[in-house]
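Here is a friendly briefing to read beside the structure. Keep the 3D view open and find each residue as you go.

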Amino acid sequence: MPNKLNENILYLIAPILNMSFTDKQMFEAIEANADVKLCFEKISFACNELKSKTGCPNDDVDRFLEFAIGKWADPYSKT
């Protein structure tokens, strides 16, 4: 039997963080960091190249990006 009544209870020490950013905040972060800016430019270029070479609509490029989220670490993962 526990010595203290609350001994086996987990407490939330820190509040859950909301890590969402506005577009303005994202663009400010992109402009403030050269590495982030370069990556953003590469992604933008790749999207424009995909659209140009395939003729697909913007919505298809957006959907492709949504599909690619989380798959960059292991590009051959099927999950």
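**Salt bridges and helices**

A search of the whole structure finds 3 salt bridges, a salt bridge being a side-chain nitrogen of Lys or Arg within 4 Å of a carboxyl oxygen of Asp or Glu. This is a predicted model: local features need pLDDT of at least 70, side-chain atom pairs count only at pLDDT 80 or more, and totals for chains, interfaces and linings use all residues. Residues are numbered from 1 along each chain as its sequence is written, and side-chain values use heavy atoms, leaving out hydrogens and water.

**Helix α1**
- Lys24 and Glu28 join their side chains in a salt bridge (2.7 Å, N to O).
- Both Lys24 and Glu28 belong to helix α1 (residues 23-32), 4 residues apart, about one turn of the helix; helices here are DSSP runs (H or I, at least four residues), numbered from the N terminus.

**Helix α2**
- With 21 residues, helix α2 (residues 34-54) reaches 30 Å from its first C-alpha to its last.
- Asn33 caps the N-terminal end of α2, with a side-chain oxygen 2.9 Å from the backbone nitrogen of Asp35.

**Surface patches**
- Ile43, Phe64, Leu65 and Phe67 make a nonpolar surface patch of about 380 Å².
- Patches consist of residues with over 30% relative accessible area (Shrake-Rupley method, 1.4 Å probe) and no salt bridge, joining like charges within 9 Å and nonpolar side chains (Val, Leu, Ile, Met, Phe, Trp, Tyr) within 5 Å.
- Helix α3 gives the largest share of the nonpolar patch, 3 residues.
- Asp59, Asp60, Asp62 and Glu66 form a negative surface patch, and Glu66 is found in helix α3 (residues 58-68).

Definitions and conventions. Lys and Arg count as positive and Asp and Glu as negative; His and the chain ends are not counted. The place of a charge is taken as NZ of Lys, CZ of Arg, CG of Asp or CD of Glu. Helices (H or I, at least four residues) and strands (E, at least two) are DSSP runs, numbered from the N terminus. The expected span of a helix is 1.5 Å times one less than its number of residues. A polar contact is a pair of N or O atoms within 3.5 Å; within protein, one must be able to donate a hydrogen and the other to accept it, and residues adjacent in sequence count only if both atoms are side-chain atoms.
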